[in-house]
Amino acid sequence: MRLPRRPTRTRPSPYAPGRLVVVRAGQSAAFDVQPGQSLVVGRDPGAAIVIDDPKVSPNHALIERRGPGWLVSSLDAANPAMILDPTGRAQPVRTTLGLRSAELLIGDCPLMLYEPPSGP
């Protein structure tokens, strides 16, 4: 016998959505990412953000809006996502939590993570 599921209450998040921008072949696409929302980036047609690049794995990275920041995880240890440090050097991402903004490289494709502007 199965009991009916009780409806779950969701409280609105106190955090604003973040903005993810993908630049490819001279064009850009922007995505508003809600708190708690996660996106898989990869070459697989089922990925939330598809990048058609032979250097990109089918499921290459996971990007999640967590609280006021971002969580970025590489899903392919052989070819990790890269994060640019303040000097512009690319460093491999394993799992990084709490980023306010960042520039990533997935294959040869840059992705920018932005914090929403504060204030009214």
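I looked up the largest nonpolar core first: it has 22 residues, and L20, I51, I63, I106, L111 and L113 touch the most other members. A nonpolar core here is a set of buried Ala, Val, Leu, Ile, Met, Phe, Trp, Tyr and Cys residues joined through side-chain atoms within 4.5 Å. Buried means under 20% relative accessible area, exposed means over 50%, and partly exposed lies in between (1.4 Å probe, protein chains only). At least two residues of this core come from each of β1 (18-24), β3 (38-42), β5 (61-66), β6 (69-74), β10 (102-106) and β11 (109-114). Strands are DSSP runs (E, at least two residues), numbered from the N terminus.

I note that this is a predicted model, in which local features need pLDDT of at least 70 and side-chain atom pairs count only at pLDDT 80 or more, while totals for chains, interfaces and linings use all residues. Residues are numbered from 1 along each chain as its sequence is written, and side-chain values use heavy atoms, with hydrogens and water left out.

**Six-strand sheet**

I traced an open sheet with antiparallel pairing and the strand order β2-β1-β11-β10-β7-β8. β2 and β8 (90-92) are its edges; each has a single partner strand, so one side of each is left without a neighbour in the sheet. From one strand to the next, the twist averages 25 degrees (axes are lines fitted to C-alpha atoms, and angles run from 0 to 180 degrees between N-to-C directions). Two strands count as paired if DSSP finds at least two bridges between them.

I then went through the pairs. β1 and β11 run antiparallel and are joined by four bridges, and L20 stands opposite L113 in β11. β10 and β11 are antiparallel over five bridges, with L104 facing its bridge partner L111 in β11. These two strands, β10 and β11, form a hairpin with two residues between them, and G107 in the turn has a positive phi of about 65 degrees. β7 (residues 82-84) is joined to β8 by three bridges in the antiparallel sense, and M82 has P92 in β8 as its bridge partner.

I also listed the contacts of L113 (heavy atoms within 4.5 Å). Leaving out residues up to four places away in sequence, L113 touches R19, L20, I63, W70, V72, R100, S101, A102 and L104.

**Five-strand sheet**

I found another open sheet, with mixed pairing, in the order β4-β3-β5-β6-β9. β4 (49-50) and β9 (95-99) stand at its edges with a single partner strand each, so one side of each has no neighbour in the sheet. Inside it, β3 and β5 pair antiparallel over four bridges, and V40 stands opposite L62 in β5.

**Two residues**

Is A29 buried, exposed or partly exposed? A29 lies in strand β2 (residues 27-33) and is partly exposed, at a relative accessible area of 34%. Beyond its neighbours within four places in sequence, A29 is in contact with L20, V21 and V22.

S73 is in strand β6 and counts as buried, at 11% relative accessibility. Not counting residues up to four places away, S73 touches H60, A61, L62, V93, R94 and T95.
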